[in-house]
Amino acid sequence: MPKMNMVQALNSAMDTMLARDNAVVVLGQDVGYFGGVFKVTEGLQRKYGAQRVLDTPIAESGMVGAAIGMAVNGLRPVVEIQFADYIYPAYDQIASELARLRYRSAGEFFAPVTVRTPCGGGIRGGQTHSQSPEALFAHVAGLKVVMPSNPYDAKGLLIAAIEDNDPVIFFEPKRLYNGPFAGEPEAPAESWSAHPKGEVPDGYYTVPIGKADVVKHGEDVTIVCYGTLVFVAEAAAKKLGIDAEIIDVRTMVPLDMETISNSLQKTGRCVVAHEATRFGGFGAELVASIQEECFWHLQAPIVRATGWDTPYPLAFEWQYFPGPARLMHALKTVMEAS
Amino acid sequence: MSILDRPASAPLEPFRAVRMTNNLHVPPSPARPGEAPDFSYLRVTPPGALERPIVTVSATETLPLATGLVGVLNSEHRAVGPWDPRLDPQTLLAGLRFMLLTRAFDERMQRTHRQGRISFYVRCLGEEAVSVAQCMALRDTDMLFPSYRNQGLFITRGKPIGDLMCQLLTNTRDMCKGRQLPVFYHWAAGNLFSLSGNLATQLPQAVGWAMASAIKGEDRIAAAWTGEGSTAEGDFHQALTFAAVYRAPVILNVVNNQWAISTFQGVAGGAAQTFAARGPGYGVAALRVDGNDFLAVYSATKWAEERARGGTGSTLIELVTYRGAAHSTSDDPTRYRPTEDYRHWPLGDPIERLKAHLVTLGEWSDAQHAALVSELDDQVASSWKDAAQYGTLSEGPRLDSALMFEDVFESMPQHLVRQRELLQAEQD
């Protein structure tokens, strides 16, 4: 099976769908001739033409608004917002329009728009190129929210998102584009070619939206996480020698509570981890849902390991990032509680 | 023949009539890698040809100035026409010095980035006249809202370049305390606002600052800068609306350097109409200016400054220039535009043109120029040596990571105090 990094896998997903369905179009800033600043749309304009892979003006609200109109008129637009940090001008179009069009028109109108956007830090991007705003979208009724953590899932989930008749906000943890990353910036960079999830079929397949993945089975504690934190969780559990079950949520909305609940019934202990700020983060939703469904199975309070409640600071990104030390602290806390 | 000798361009046909398969028009770029640079699309007016109306003229009457090109320096390096600001040689030499210092600073910082000593940089090669001449045309008490290619504003206002270097180094004297990417400076004492990184967001803020100035009955004005690509953002249009409605004492500058990373200005709407021409549509006076002509940039800004300070209202200025370097150190323009195209830019280089003008006036010589370049290089080198002792990426003192919890709020809430303790424990 071909080896792909996450950039290539995402490119392959769009390539597959552009070839398969004439309704699919890709639009965004620098996505055409240049192939995107992260090269995710490389070669697609050459292959499918400037009308299907469109360079747009710098206007995120315009991109999403236009995509809604295109979608209502029969297309399946995939919008690239160059950095998640720049998505906010489009927030009105996404939260007030895209999310609610089906609802307010009693199903007569809908807009199958996918909004792709790179998120997360660890690339010396400072406060304007590092954010993880998934909670702001998960909170809006009517949006599906996805964040893959590896090339295989990235391709399968992106194809599923493009085919989905509901809007999907698709976050790509850019620190994982080129390889898995366990939160140790000084460690040698790993490549996807050595990782089983770097094996990506060339053609069409989907990974279902709304289904979490048990990345590692274990008995002692469940770590519920997604994106960059999946690999940090693996590393932290290994360092502590804890038999952790690690769940990659993959889809924040709809949330696969069944997988999470089954795991909690087995382990009775839980750490929730994400890179975004803690206060009102998606972790808070996970903790609330878990205690509602699994309270009588819990043997200890659920602990969160997250970014701090500050903007992402350039000079201190590794003190901000919830690395193995923060995860290990959380795991110890939850294991030591009686 | 220099483009400056050309008669005013007739309204242009689309410069390359490309009919795509169906009917959606996608603006092409004039030239891509491997092709010869093509600037035939550039609309010009001969220097000296446009009138300079009184500053209280109606916005509508500025339309010819918004679609033409205000220029002063002709192909023989002489100042001609009603827009000649008649600056004395000392002022011109000061402008030359600031532009050369900006360029020397940029070149050194670019080298420093290649050596891995700073993590990111943005040069303004070819755009030096914009920041320097505009800053000189304004008062030090006026509030400036810079974009990321306006380092010349800081340099001209007198911010020591060593301070800028400490920010680039994210070292212990970093004015941003380690929180911002390199080049996102600020200088409250110098009336230079904090750079955001998000595009066009500062235009409505500048309008609001100017509205406050009017509310308070002060005569300070505001000026803000954005690229032509960012005029597509809603904030640009909202800023123009507010500026027109309240006749805010503000100058909104669009630096049209032809490229938004890989995207040619046609995609921002520059093929159908000039960016300046947006102004009169909103009721805002507008000037389209040769951005590489120091005298024209100074003169246009002075006109707008008088209009704003006198209470007539705001002006939109489009500065036609060329992004001579990459978008940033993360960008490689040879992937999307002809190599060396900057050398072919018909409006030339702002420093070379001002230098030639001064030489023509008998106020300057090649030898003096070379001596000044060398002096400024030394100044930059010595500032660098000084800045580096406060820490670099790889060595020297480091900022305390506990600083990350400060300034989120005026006083630190309990949850951040707790998180600061947790981080401390993590590091022990």
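Q: Which residue of β2(A) is the bridge partner of A:Gly28?
A: Strands here are DSSP runs of E with at least two residues, helices are runs of H or I with at least four residues, and both are numbered from the N terminus. In this predicted model, the bridge partner of A:Gly28 in β2(A) is A:Asp55. Strand β1 (residues 24–28) of chain A and β2(A) run parallel and are joined by 3 bridges; two strands pair if DSSP finds at least two bridges between them.

Q: What is the strand order of the 7-stranded open sheet in chain A, and which strands stand at the edges?
A: The order is β2-β1-β3-β4-β6-β5-β10 (chain A), with mixed pairing. β2 (53–55) and β10 (251–253) of chain A stand at the edges; each has a single partner strand, so one side of each has no neighbour in the sheet. On average, neighbouring strands of this sheet are turned by 20° against each other, direction ignored. For such angles, axes are lines fitted to C-alpha atoms, for helices over the stretch in contact, and values run from 0 to 180 degrees between N-to-C directions.

Q: Which strands does helix α1 of chain A touch?
A: Contact between two residues requires their C-beta atoms, placed from the backbone, to lie within 7 Å. Helix α1 (residues 6–20) of chain A packs on the sheet and touches β1, β3 (76–80) and β6 (168–173) of chain A, its direction making about 135° with that of β1(A). α7(A) lies across β1, β3, β4 (114–119), β5 and β6 of chain A and runs at about 160° to β6(A).

Q: Where are the domains of chain A, and what lies between them?
A: Domain bounds come from an automatic or database domain assignment; for chain A it gives domain 1 (6–198) and domain 2 (213–336). Their centres, taken over C-alpha atoms, are separated by 25 Å. Each domain gives 30 residues to the contact. On the side of domain 1 of chain A that touches domain 2 of chain A, the elements giving two or more residues are α6 (134–138), β5 (144–146) and α7 (151–163) of chain A.

Q: How is the sheet of chain B arranged?
A: It is an open sheet of 5 strands in the order β1-β2-β3-β7-β6 (chain B), with parallel pairing. β1 (143–145) and β6 (285–290) of chain B stand at the edges, each with a single partner strand, so one side of each is left without a neighbour in the sheet. β6(B) pairs with strand β7 (residues 315–320) of chain B over 6 bridges in the parallel sense, and the bridge partner of B:Arg288 in β7(B) is B:Glu318. α9(B) packs on the sheet, touching β3 (250–256), β6 and β7 of chain B, at about 165° to the direction of β6(B).

Q: Is helix α9 of chain B buried or exposed?
A: A residue is buried if 20 or more other C-beta atoms, placed from the backbone, lie within 10 Å of its own, exposed if 12 or fewer, and partly exposed in between. Of the 16 residues of α9(B), 13 are buried, so the helix is largely enclosed by the rest of the structure.

Methods: Residues are numbered from 1 along each chain as its sequence is written. Chains are lettered from A and ligands numbered from 1 in the order in which they are written. This is a predicted model: local features need pLDDT of at least 70, side-chain atom pairs count only at pLDDT 80 or more; totals for chains, interfaces and linings use all residues.
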